[in-house]
Amino acid sequence: MGKRINKYLDLIKEGICSVVYSEEAECPICKVYSQDGTLCEKCSSRIKLCYNSYILNHNNIDFKYYSAAYYAGTMKELILRLKYKSDFVSGEILSNYMISKIIEENICCDILTYVPMSRKALRKRGYNQSECLARNIGKELNIPIIRTLKKIENTQDQIGLNGEERWQNIKDSFKVINKQKLNNKKIILIDDVITTGATAFYCARELLKGGVREINILTAAKSNV
């Protein structure tokens with residue numbers, strides 16, 4: 001009888017601990033207790049925020065872009081966890097930083113869209129991290145998300161390529177779809193990281209050709225390159 005009571009007491013204790021010290025109450029980076037289940041103070045302090053906007057210029061065409069933070073420290077780790085470890089809690093944290101950027105900069109739009117992946121890459125990973133970010137943002141801000149672009153070329157991974165190689169690698173790789181929904185719309189194009197800007201530029205250029213009135217690019221992070 002005593003053993004049975006002790007067993008029940010142990011189960012109750014485990015249940016209480018699972019509520020008080022659940023994984024949702026942990027910082028996803030360092031695993032220390034976090035009151036709201038997001039980043040702890042130490043990990044938050046390792047994020048260097050970006051301010052204002054930037055101009056992406058190529059072949060005398062300009063697009064305005066915004067980034068929540070620089071691609072370093074905790075921000076880099078969050079992106080890598082989302083991208084390669086299916087860590088969607090990290091994705092939610094990234095989205096919250098991006099939502100703050102939209103509100104702070106008063107970026108207006110009718111539609112959110114995202115940088116697409118090739119079918120091969122999507123099958124391999126199982127999800128598009130940029131789409132995940134867009135859907136989190138859209139749900140919170142009540143903005144419709146529309147798939148507007150298709151990647152028509154299985155390009156080489158941009159990682160490891162120099163600046164000029166990145167531009168050549170990604171050129172003419174995207175095609176507009178759902179064109180009837182784009183005419184005269186204001187759009188925010190979502191991606192995880194902007195480095196040289198080649199991917200975002202060619203996506204934005206195709207959207208412009210598709211009849212979009214205004215395009216703003218928003219990424220979770222910006223490389224120092």
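**Ring contacts and sheet packing in a predicted model**

Lys-48 lies over the face of Tyr-70, 5.1 Å from the ring centre. A charge is taken to sit over a ring if NZ of Lys or CZ of Arg is within 6 Å of the ring centre and within 35 degrees of the ring normal. The charged end of Lys-222 likewise sits over the ring of Tyr-54, at 4.9 Å from its centre. The model is predicted: local features need pLDDT of at least 70, side-chain atom pairs count only at pLDDT 80 or more, and totals for chains, interfaces and linings use all residues. Residues are numbered from 1 along each chain as its sequence is written, and side-chain values use heavy atoms, with hydrogens and water left out.

Six aromatic pairs are present in the structure. Rings of Phe, Tyr and Trp (its six-membered ring) pair if their centres lie within 6.5 Å; planes under 30 degrees apart count as stacked, over 60 as edge-to-face and the rest as tilted. Phe-88 and Tyr-127 form an edge-to-face pair, because their ring centres are 5.0 Å apart and their planes stand at 70°. This pair links distant parts of the chain, 39 residues apart: Phe-88 belongs to helix 4 (residues 88-105), and Tyr-127 to the loop between helix 5 (119-125) and helix 6 (129-141). Helices (H or I, at least four residues) and strands (E, at least two) are DSSP runs, numbered from the N terminus. Phe-88 is partly exposed, at 39% relative accessible area, whereas Tyr-127 is buried at 10%. Buried means under 20% relative accessible area, exposed over 50%, and partly exposed in between (1.4 Å probe, protein chains only).

Trp-167 and Tyr-202 are also edge-to-face, since their ring centres lie 5.6 Å apart with planes at 75°. Trp-167 is in helix 7 (residues 163-170) and Tyr-202 in helix 8 (residues 198-209), so the pair ties together parts 35 residues apart in sequence. Trp-167 is buried at 10% relative accessibility, as is Tyr-202 at 4%. Ring pairs link Phe-63, Trp-167, Phe-201 and Tyr-202 into a cluster.

An open sheet of mixed pairing is formed by five strands in the order 1-2-7-6-3; two strands pair if DSSP finds at least two bridges between them. Strand 1 (54-58) and strand 3 (111-114) are at the edges with a single partner strand each, so one side of each has no neighbour in the sheet. Strand 6 (residues 186-194) and strand 7 (residues 214-222) run parallel and are joined by eight bridges. Ile-188 has Asn-216 in strand 7 as its bridge partner.
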